[in-house]
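Reader: I would like to learn how to read the features of a protein fold, one at a time. Could we go through an example together?

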Amino acid sequence: MGPQVLLIGGTGMLGAPVGRGLAQQGFQVRVLTRSVERARARLGDEFEFVAGNAEDVASLSAALQGCQGVHISLDGRFDPDLERRCAANVVQAARETGVQRITYLSGASVCAENCWYAGTRAKFQAEAALRAGDIPYTIFRCHFFMETLHNFVRGRAALHIGRHPSAYLWVAAQDFARMLAVAYQTPATVDKTFYVCGPEALTMRQALQTFCQIAHPEARLVYLPLWLAGWIARAGRRRELQAALPFFAYCAQATTLLSGSPDEANALLGAPLTTLAAWSRLQAGR
Ligand SMILES: NC(=O)c1ccc[n+]([C@@H]2O[C@H](COP(=O)([O-])OP(=O)(O)OC[C@H]3O[C@@H](n4cnc5c(N)ncnc54)[C@H](OP(=O)(O)O)[C@@H]3O)[C@@H](O)[C@H]2O)c1
């Protein structure tokens, strides 16, 4: 049997497919969630679930019993700093329980220059907490995930929200899960920071067009400037959209969206190969 890993954020948009990928690679995946009932209703009996909260070290320590590793993939929504607090708490709980590896899903644009944005600052500081700790860690600075494209399709519209001046190197969560599994089994990945970049550079518009042509032919691309998206979010009390808008503003303003090279990750862990078209075909088949 493979190593047992606690997945913090395992019920999330990225955590769930990453958990599935780890399980396929033979890992025993235990998902930490604030509500086991809600998690089970959503994900069935795919994983072992354990109740806990990233804010509560005692619950983390209890959840980590018997685990060799812990992967952090959580999102604090309106409280981005949760990621920093979680990383510090995980280091403490890992020390108490003898966990041998902490892995963390960070972002490709994380660097000091971009810390004016609260989401990046929290990730930058979460990374610092892992580096300052005494538990072996591996940080993954991942580019845009293909899975996010689902969020933009609303009925017969595919929303292109805000300006995205740069192309993104779209990554499939499945590819990331495979790289993560290799990292857990490769001592040379200890205390490293890796950049995870997909095989193609596509703008948001190009990515939405490809995804919709294949998986949502009924959807028409609709451009929403940020001010209009903000108005819709407020008027319609759409909290998910409200929470996402600062990130879209960041995408429009940040000049550095990739702060390093994926070469080392590709050499040690195997490059992500899934193209957006191939991933979209899989979504269409679901
Ligand atoms: N979108 C991208 O392209 C991209 C790229 C790079 C990195 N990322 C990062 O990936 C991470 C995960 O994002 P996502 O979209 O998968 O998240 P998500 O779908 O919003 O899910 C949030 C997750 O966080 C967990 N969570 C929230 N508060 C918690 C707490 N206090 N204690 C324990 N768990 C808590 C939730 O678990 P329960 O509700 O079950 O408790 C849930 O599983 C984020 O940090 C994001 O910035 C995203």
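Reader: Which residue just after α1 takes a positive phi?

Author: Before answering, please keep in mind that this is a predicted model. The residue is Gly 26, which follows just after α1 and has a positive phi of about 95°.

Reader: What does helix α1 lie across?

Author: Helix α1, made of residues 15–24, lies across the strands β1 (4–8), β2 (28–33) and β4, and it runs at about 160° to β2. Seven of the ten residues of α1 are buried, so that the helix is mostly covered; among them are Gly 15, Ala 16, Pro 17 and Val 18. The buried residues of α1 pack against β1, β2 and β4, and also against the helices α2 (36–43) and α7 (173–184).

Reader: How should I read a sheet, and in what order do the strands stand here?

Author: Strands of a sheet pair through backbone hydrogen bonds, and the pairing may be parallel or antiparallel. In this model seven strands form an open sheet with parallel pairing, and their order is β3-β2-β1-β4-β5-β6-β10. The edge strands, each of which pairs on one side only, are β3 (48–51) and β10 (192–196), and from one strand to the next the twist averages 25°. To look at one pair in detail, take β4 (residues 69–72) and β5 (residues 101–107), which pair in the parallel sense over four bridges; there, Gly 69 stands opposite Arg 101 in β5.

Reader: How are two packed helices described, and at what angle do α4 and α5 cross?

Author: Two packed helices are described by the angle between their axes and by the distance between those axes. For α4 (residues 82–97) and α5 (residues 118–132), the axes come within 7 Å and cross at roughly 10°. Angles under 35 degrees count as roughly parallel, and α4 and α5 are therefore roughly parallel to each other. The contact includes Ala 87, Ala 88 and Val 91 of α4, together with Ala 122, Ala 126 and Leu 130 of α5, and its residues divide into seven nonpolar, one polar and three charged.

Reader: Which residues of helix α12 are buried, and which are exposed on the other side?

Author: In α12, which spans residues 276–284, the buried residues are Leu 276, Trp 279, Ser 280 and Gln 283. These residues cover an arc of only 100° around the axis, which puts them on the same side of α12. Arg 281 and Leu 282 are exposed on the other side of the helix, whereas the buried residues pack against α6 (149–152), β11 (201–202) and α8 (204–215).

Notes
Residues numbered from 1 in each chain as written. Predicted model: local features only at pLDDT ≥ 70, side-chain atom pairs only at ≥ 80, totals over all residues. Heavy atoms only, no water. Pairing = 2+ DSSP bridges. Axes fitted to C-alpha atoms, helices over the stretch in contact; angles between N-to-C directions. Contact = heavy atoms within 4.5 Å. Buried < 20%, exposed > 50% of the residue type's maximum accessible area, 1.4 Å probe, protein only. Parallel < 35°, antiparallel > 145°, perpendicular 65-115°, else oblique. Nonpolar A, V, L, I, M, F, W, Y, C, P; charged D, E, K, R; others polar. Arc of directions from axis to C-beta.
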